[in-house]
Amino acid sequence: MNVKEEQLKISLEQEWELKNGLDEVKFTHYALPELNFNEISTKVKFLGRIFSQPVMIGSMTGGTERTGKINEKLAAAAEEKNIPFSTGSHKIALKKPEVFESFNVKRKNPDVFLIANLGGTALLEFDFEEIERSLERIEADAVFIHLNPLQELMQKDGNKKWKGVREKIAELCDYLSIPVLAKEVGNGINGKTALELQKAGVKAIDLAGFGGTNWGEIEKKRNGETRNVFKNWGVSTLQSLKECRNLKTPIIASGGIRNGLEVAKTIRLGATLASASLPFLKAVVEDRLEKELDEWLKELKIAMMLTRSSNLNELRKAEIQENRSLR
Ligand SMILES: Cc1cc2nc3c(=O)[nH]c(=O)nc-3n(C[C@H](O)[C@H](O)[C@H](O)COP(=O)(O)O)c2cc1C
């Protein structure tokens, strides 16, 4: 089985329960909201475009016929709901041009805001001209560079050479005309790394904190191993948010975000958007993605109403209880 198909299968069977820390965050409830539900606005500006809700469909698939179909469905829902969408790693399309079409979602959904995806270590391998040409062909609006050292180190043939990746990201930011963004894949980004990425020139940082999809576990299963001392390794989504929220660069919160209330919490803690991957993958294979996105929107708006927040700027100032360090 192709690597991507194998990872997809194991992700969907994922059994482990992890904590991203957001349970600690509790909003103050207002019994007198003094707002009308249908007047609540969840609009958000990101990379110059206005989206309907602060939710993104995270990077996952592409490279095979089946994952190409999944990308098509994800893109169609993202276009319909006016939210950003990211395809999975584009490296395979650079290596095998015949799979390119599985990433080419604008063919059917030209208005989707499309964020392509490429690994940090791929920047050491491919020249920028080649990358640019391929991204232009899919009309990407931006590109994520993913940082996944734990995953690579757990993979049998994973990339072990990471020297120079930071410099390459800075060079790519200068080279490409579209915004370059950075992301982890589930082990989080600490404040120091985020500052380095900001200095390199990235236009947004997706924290992909610990507490959601766990690549250490997925790679362990792929390798048929029983040991994984790194099961709990990483910066939780909550901790990443705390360390990165005062950055100038917009923050995307992800890693175990599973509903609209958690989206509201991340916005309160300084994120511009929240992103999720596995829940939307599950929803798309069960043919209920649009319904899932509607549920998230409803939950976000309920949280906004009960905190007297008529828009996201007000939500950013909503009162929260307990954990004093979050205020
Ligand atoms: C099946 C699957 C495939 C993924 N493939 C990629 C990828 O190609 N590139 C990437 O940057 N992240 C990839 N990710 C990681 C997600 O973008 C995200 O950072 C991570 O899953 C944490 O979010 P979640 O807990 O909502 O799933 C993948 C995730 C899943 C579930």
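Student: Which residue in S6 is the bridge partner of Ser 86?
Tutor: In this predicted model, Ser 86 has Ile 115 of S6 as its bridge partner.

Student: In which sense do S5 and S6 pair, and over how many bridges?
Tutor: The pairing of S5 (residues 85-89) with S6 (residues 114-119) is parallel and runs over three bridges.

Student: Is S5 largely enclosed or open, and why?
Tutor: S5 is largely enclosed by the rest of the structure, because four of its five residues are buried.

Student: Turning to the ligand, how many residues surround the ligand?
Tutor: There are 23, and the closest are Lys 4, Ser 59, Ser 89, Asn 117 and Thr 213.

Student: How much of the ligand's accessible area does the protein cover?
Tutor: The protein covers 97% of the 600 Å² that the ligand has on its own.

Student: Which elements give two or more residues to that shell?
Tutor: They are helix H1 (3-12), S5 and helix H12 (278-285). H12 gives the most, with three residues.

Student: On another topic, which residues make the nonpolar surface patch?
Tutor: Phe 37, Ile 302 and Leu 306 make a patch of about 220 Å². Ile 302 belongs to helix H13 (residues 289-306) and is partly exposed, at 37% relative accessible area.

Technical notes
Residues numbered from 1 in each chain as written. Predicted model: local features only at pLDDT ≥ 70, side-chain atom pairs only at ≥ 80, totals over all residues. Heavy atoms only, no water. Buried < 20%, exposed > 50% of the residue type's maximum accessible area, 1.4 Å probe, protein only. Pairing = 2+ DSSP bridges. Patch = residues over 30% accessible without salt bridge, like charges linked within 9 Å, V, L, I, M, F, W, Y side chains within 5 Å. Areas by Shrake-Rupley, 256 points an atom, 1.4 Å probe, with all protein chains shown as cover. Salt bridge = Lys/Arg side-chain N within 4 Å of Asp/Glu carboxyl O. Near = heavy atom within 4 Å.
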